[in-house]
Amino acid sequence: MTGGLRVLVTAAASRLGALVVGALERDPRIGTLIAVDERPPGAPFAVAEFVRLAPGSPQLPRVVRGAAVEVLVDLRAAAAVARQDDRELADHAATTRRIAAAVAEERSPLRRLVTVGSVHRYGWHRDLPTFLTEATAPRPPRSPRQRALAEIEDAAARAADRHGALELATVRLADPVGPAGSGLLQVADRLPLLPTVLGFDPPLQVVQEEDAAAAVAHVVAEELAGPWIVAADGTLALSEALRILGRAHAPLLPPWGSGLLAGILQRAGLAAALDVAGQLRYGRGLDNRRLKQTGFAYRATTREALLGAEGVRRRRRVLHPGEPEPYDPEVEAFLRYSPSVREAAADPEAAERRGVAALEPEALLDLLPSLDPEALRALRAHEADGPARRRILDEIDLLLERR
Amino acid sequence: MTDVETPPPPAPGSHLPVVEPDRDLDDWGRSTRASDALDGSLLEAAHKVWFRIELQQAARIPGRGGGVLVVNGGGALSPIAPLLAKAIREDHPRRRIARPCADPAVLDQPGLSVLLTRIGVVRAHDEDLARLLRDERELVIVSVPTQDLQDEDAAGALARHPAVRAAVQVGAPLLPVAAIGIDDAQPVLGRLPLPGGRRLPVTLAFPHLGPLGLLLYLPAKIRLRALDPQPTTAGADDRQRAVGAAVATARALRAATDELRRERGSRWLG
């Protein structure tokens, strides 16, 4: 990582943030990568330098100036929506002001601002098209979540306006789906039975979280400007999605008055009530073709994303390399900069290469029967190229023979 | 505030979502199973036995590319749009699939929302219809009441219809299809005024038989005739192009329905 773009990523300690940082670390066009957050990350980054900021990020402009950051990727909104953390989303004002200050500073090195939000910015209404595009005008915000998303986007647009030469990219992610969550449908996890609206089966589109991170990295590295929608191919009906997730559902909500009920629940403290009601009543499809036109390719469709997430969660096993190493800034600084350290610097692609090799053999053996022959053959090739554990290879051969 | 420039739209027909062949629903919510079931039962009986539908000049409907089929005989209780879609599947050389479009308010009704979507009805929204016409190159059906084919009605309601606006936007043609017999199958005896300027039709079976009245049609013979496509590219701006194409379509439909009526012997036997 020498030369190339100098990029700073906010909310880097979130799962989505870590995935975006990982995707940027693997991109040769990125020269310097700085990850900031108010919380420590779950695991150290391979290349990116992590800077922990105090609540409200008061030092953010200093970091931007000091590191001569050219591109600021503001992931706070998307990370909070992915975690369904509306409280954190509502507390955006202080950091938003710091970002505006960093942009507005005299001789600011920033030349691009990438604001990553959510398609929930569009709101819900019957008069919206079945497939939202980048040209669709968002509805006036109604829920606290929509309001916060709109405020963050508007603040970025105002900051870009004042700066003049600053390029602005606004990325709106569909609900990212992965082992850690399934977007708005996560409400179904907490209920024995998800009540749906009688007489409606609205459309639903999500994006696999790794695709979401890769899309953000693509927008950064390709230096794209303007609004971008990130959503996987394929629009499912809500019932189809819930069937994939194995969630029980029944049409218990009346078709009229669900908005009123959601409004009451929202005032009672259930911040996402209006958005859940919107998904259950109207849903939305998303047109992802403009980003694909720039050369981006999604790895998973909506159905594959949900299938993958559900498969992993059903087995109560997360496909990452075991327990993450705890982040300790002093240890990290020692390992990176001390002349006493003899091991080569971490390889950003190492974690990806480890892949299933990092899984315990027992865990992997449990997974094998659920895979189809094509996946088994791919896994066998991967295993043979990597650790080549005899037990795993034999078990795969046995399964392939039986099928 | 900076008006962030929207990236250019995708090239027509490019980068459409991948098709997952093992899925029953398409991205618009149309169910192959439900459509086939309806097609092979109710619509089959209506097409071949009850209405004995005859589609003339089917080859005038293009074999490829998007287009808006404008058929007269529409109305709140009229089944002409699904019947035309069935006739095209039966008689068109390429057996094309056409999607009726409905007002968003209709698709916002509980039950209808799912039922209509599953059989392939799409929302009458400019952006959706532009995608269907330009990118997915599909046929869309708009049904208009026969009594609304005067020039001023066409220049008003029809020219403002989202499907016509979308056709103008993407340069797709309007494809008029004249229909006779459908108005005889459920003659409207009168119209009750409703709040908001709408009128509720009163027929032999509706509203006193309730929703059942929607299914009771007299066995009139239905004749359909596809007419020459009307281009939507003549005119200084989109509004003029829409009005010009809508008026030309309405005139062609008026003339063709008059001709069809003159040609037929009995309204029941054809």
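Modeller: A term to begin with: two strands pair if DSSP finds at least two bridges between them. Strands (E, at least two residues) and helices (H or I, at least four) are DSSP runs, numbered from the N terminus. This is a predicted model: local features need pLDDT of at least 70, side-chain atom pairs count only at pLDDT 80 or more, and totals for chains, interfaces and linings use all residues. Residues are numbered from 1 along each chain as its sequence is written, and chains are lettered from A and ligands numbered from 1 in the order written.

Biologist: OK. How many bridges join β1 of chain A to β4(A)?

Modeller: Three, between β1 (residues 5-9) and β4(A), and the strands run parallel. A:V7 stands opposite A:V71 in β4(A).

Biologist: And what joins β4(A) to β5 of chain A?

Modeller: Four bridges, again parallel; β5 covers residues 112-118. There A:V71 has A:R112 as its bridge partner.

Biologist: Which way do the β4 residues of chain A point?

Modeller: A:V71 and A:V73 go one way, A:L72 and A:D74 the other. All are buried (20 or more other C-beta atoms within 10 Å of their own, C-beta atoms being placed from the backbone).

Biologist: Switching topic. How many residues of chain B are in contact with chain A?

Modeller: 28, against 36 residues of chain A. Contact means C-beta atoms, placed from the backbone, within 7 Å.

Biologist: Which helix gives the most on the chain B side?

Modeller: α5(B), with three residues.

How values were computed: Buried ≥ 20, exposed ≤ 12 C-beta atoms within 10 Å, placed from the backbone. Contact = placed C-beta atoms within 7 Å.
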